[in-house]
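Walk through this model from its overall make-up to single residues. Keep the sequence and the 3D view side by side.

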Amino acid sequence: MIAFFLTFLVIPVIIEIAKKKKLYDEPDAKRKLHKEPIPSLGGLGMFVGFILSILLTLDFSSAVPEFQYYIAAFLIIFFLGIKDDILVLSPTKKLIGQIFTACILVFKANLIISDMNGLLGIYEMNPVFSYAFSIFSIVVIINAFNLIDGVDGLAGGLGLIASLVFGIFFMVNRNIPYAVLSFSFAASLFAFLYYNFHPAKIFMGDTGSLMVGLVVSILVVKFIQTGSTYDSYPVANAPAVGFGILLLPLMDTLRVFSVRLLNGRSPFSPDRNHIHHLFLNKGFGHKSVTIICVLISAALSAISFMLQDIGIGFLIAILMAAFFTLIYVLNYKKSKYKLRVVKGESTTAKVKEDVRLVSLFNKKAAVVEED
């Protein structure tokens with residue numbers, strides 16, 4: 001409740017200040033889909049509500065001493081994000097900050113993935129490899145939510161589902177501090193989504209998307225560490241179940257990075273190949289894309305828990321097959337034309353000679369450029 005009401009009350013103030021100081025995310029004609037300048041400091045409101053709620057409700061010294069390092073990590077990511085939202089930060093500097101944050105979680109908070117539960121025949125990992133793998137996993141998850149933040153409400157909605165799933169799991173197993181962490185962040189996201197759902201009044205910016213990735217990475221690694229140790233509801237094959245909960249942002253990021261590298265480009269170079277772009281190219285609107293992806297994520301989370309006993313290899317194979325089937329369906333009979341959404345209706349949009357207009361479900365017009 002503290003997290004929800006603080007975030008809900010702070011964000012309108014941030015919107016007003018951003019408008020007065022002209023701190024906007026400006027639209028462009030290439031990748032950004034909004035038409036008007038929109039404030040991009042929603043992550044600031046989420047941060048205020050979330051941090052104050054856990055500072056006011058948790059005893060870090062006795063119950064969860066590692067939480068002091070979580071707070072340090074949150075502060076680092078917050079300042080990385082806020083600088084990028086206001087002044088712009090290079091991808092290299094942002095990556096260095098993420099690695100430093102991951103090192104704090106791994107070496108100080110002991111947030112380590114040390115057992116793969118038999119995946120590829122691997123059980124207990126070599127300490128050096130487990131540290132490196134844990135840092136890599138945290139950085140990938142942070143970037144996954146940062147990169148999937150391309151449609152109103154999408155990153156927030158996926159973060160909300162993940163936080164609620166982990167919160168329920170920790171609550172059922174009476175791990176109250178981590179349940180509080182999960183539900184507090186979920187509440188902040190829920191309040192933010194009131195202002196971010198299409199048409200968005202504010203974006204979360206890098207401050208918000210990096211924070212979503214960081215909090216979810218903490219929750220999933222803790223879930224993998226302790227999932228099979230509880231008495232109330234132990235989880236077999238916790239790494240695979242955690243992978244299923246985060247399947248959409250994780251696999252989409254790995255797929256997009258792989259395509260960019262295969263094409264000889266930087267993995268951080270922008271394009272329109274994310275899963276939300278594929279949905280948009282099929283004619284779905286912002287609200288539809290967000291709702292569909294959130295429902296898919298919730299369904300995959302439920303399936304992961306229900307099929308946890310079939311074996312870690314089989315479960316991951318099923319989850320990956322489901323993801324690539326979805327990608328295949330979205331790319332099936334892909335238009336030979338390149339689609340680009342333009343402002344205005346089909347009757348008013350200006351058209352060049354080498355393009356033609358098609359309607360997207362009788363909504364906005366789209367320019368179809370021949371190859």
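Helices (H or I, at least four residues) and strands (E, at least two) are DSSP runs, numbered from the N terminus. The model is predicted, so local features need pLDDT of at least 70, side-chain atom pairs count only at pLDDT 80 or more, and totals for chains, interfaces and linings use all residues. Residues are numbered from 1 along each chain as its sequence is written, and side-chain values use heavy atoms, with hydrogens and water left out.

Start with the whole chain. The protein chain has 13 helices and 7 strands. Of its 371 residues, 53% are buried. Buried means under 20% relative accessible area, exposed over 50%, partly exposed in between (1.4 Å probe, protein chains only). Contact means heavy atoms within 4.5 Å. Among contacts with a separation of 6 or more, 69% join residues 24 or more positions apart.

Now go inside. A nonpolar core is a set of buried Ala, Val, Leu, Ile, Met, Phe, Trp, Tyr and Cys residues joined through side-chain atoms within 4.5 Å. The largest one has 104 residues; Phe 74, Leu 181 and Ile 275 are among those with the most contacts inside it. Helix H8 (residues 205-226) gives the most to this core, with 12 residues. In soluble globular proteins, nonpolar side chains tend to be buried together. Which residues does Phe 74 touch, not counting those up to four places away in sequence? They are Phe 47, Phe 50, Ile 51, Ile 54, Leu 181, Met 211, Leu 214, Val 215 and Ile 218.

Next, find Asp 252 in helix H10 (residues 247-262). Is Asp 252 buried or exposed? Asp 252 counts as buried because its relative accessible area is 0%. Its side chain makes a polar contact with the side chain of His 274 (2.9 Å). Such a contact is a pair of N or O atoms within 3.5 Å; within protein, one must be able to donate a hydrogen and the other to accept it, and residues adjacent in sequence count only if both atoms are side-chain atoms. Leaving aside neighbours within four places in sequence, Asp 252 is also in contact with residues including Ile 148, Ile 275 and Phe 323.

Phe 183 lies in helix H7. It is partly exposed because its relative accessible area is 30%. Ala 317 belongs to helix H13 (residues 312-331). At 44% relative accessibility, Ala 317 is partly exposed too. Ala 240 is 77 residues from Ala 317 along the chain, yet their C-alpha atoms are separated by 9.6 Å.
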